[in-house]
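Reader: Please take one part of this model and go through it closely, with the cut-offs stated.

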Amino acid sequence: MENQELSRTVQELQERLDKLEAKNTRLTMVLFSGDFDKVMAAFIIANGALAMGKEVTLFVTFWGLDALKKPDMGSAGKNFLEKMVTLMRPKGPAKLPTSKMNFGGIGPKLFQYMMGQKNVEPLSSLIEMSREFGIKIIACQMSMDVMGIKKEDLIDGIEVGGVAAFLSESYASNTTLFV
Amino acid sequence: MATTKLDFKGMNCPMPIMKTAIAIKKAVSGDVFEVVSNDPGFEPDIKAWCKETGNILTSITKTGSEFTAIITKK
C-alpha cells in the first residue's frame, strides 16, 4: 500500500519535472513594433533560438503586422478609414521605417546598404529562414479588426489569435520578450 | 571518421550559428565538424550554442581574425 503511494508520488513529480524542463525549450515573443530595426532584432533573436533547437512563437500585434503584410496587399472591400490606414502604412519587410534616423524613408535604405557591406542577412531572408525552421506566427485578431487587415492580406501559413493564445504560449515558455 | 569542413567566413550574426545548426541537424551522432568564421562574436556564440544544444565543443582556436571550432554532434 505504502509502496504504491510512493510510486504514484514519484510519477507525479516526474510529470511536473517534465513540464518544467519543457519550458526551457520554448521562447515566446510579442512583436508590437513595425520599425525595421526592431523587427530585425526580433527575427535575429527568433532565428538564434530556432538554431538552438527551441520552439519559437511570435505573437504579432499592432504596427508589427506591417512586417507580415503582402507587398501587393490591396484595399478592396475595406471602408474609408481602413483604406486610409492601408494606404498610409508600409506593406512588407522591404518598406518598414527605422525607429531612429528614418529621414523620410532614406534611413532604411542607408542601413540596408551598410548591413549589406557587413554581410548581415537581409530582413526578408531572416523571416524566410525562421519560417523554414518552423517558427509559429500568431497575428493578433483584434489589431487586424481595428485596422481592417484580413488574413489574406498577410503572408500565408500564419495563425490568427487573441491574448489568450499568446498568454498560453507564454506560460509554457521560460522566456517571453516584448519588441 | 572524416571531419566535415564548414566555411562561414564573411557571414555575420546570426548566420554562422544558423548554418552550423542546419549542417549538424543532418548529421549523425559522433560526426565531427570544423567550423570556420571571422564573425567577431563567433566564440561566445558557438560556446552558447553548444551548451544549449548539447553538442560537444572540442576546441576553439583563433588565428588572426579567424576562429576555428571543432564540434562533435551529440
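Author: The crossing of α1(B) and α2(B) is right-handed, a term used if the near helix is turned clockwise from the far one by less than a right angle, and left-handed if anticlockwise. Helices are DSSP runs of H or I, at least four residues, numbered from the N terminus. The model is predicted: local features need pLDDT of at least 70, side-chain atom pairs count only at pLDDT 80 or more, and totals for chains, interfaces and linings use all residues. Residues are numbered from 1 along each chain as its sequence is written, and chains are lettered from A in the order in which they are written.

Helix α1 of chain B covers residues 15-26 and helix α2 of chain B residues 42-53; the two pack at an angle of about 35°, with their axes 10 Å apart. Axes are lines fitted to C-alpha atoms over the stretch in contact, and angles run from 0 to 180 degrees between N-to-C directions.

On the α1(B) side the contact is made by B:Pro16, B:Ile17 and B:Thr20, and on the α2(B) side by B:Phe42, B:Asp45 and B:Trp49. Two residues are in contact if their C-beta atoms, placed from the backbone, lie within 7 Å. By class, the contact of α1(B) with α2(B) has four nonpolar residues, one polar and one charged. Here Ala, Val, Leu, Ile, Met, Phe, Trp, Tyr, Cys and Pro count as nonpolar, Asp, Glu, Lys and Arg as charged, and the others, Gly among them, as polar.

Chain B also meets chain A: 12 residues of chain B are in contact with 11 residues of chain A.
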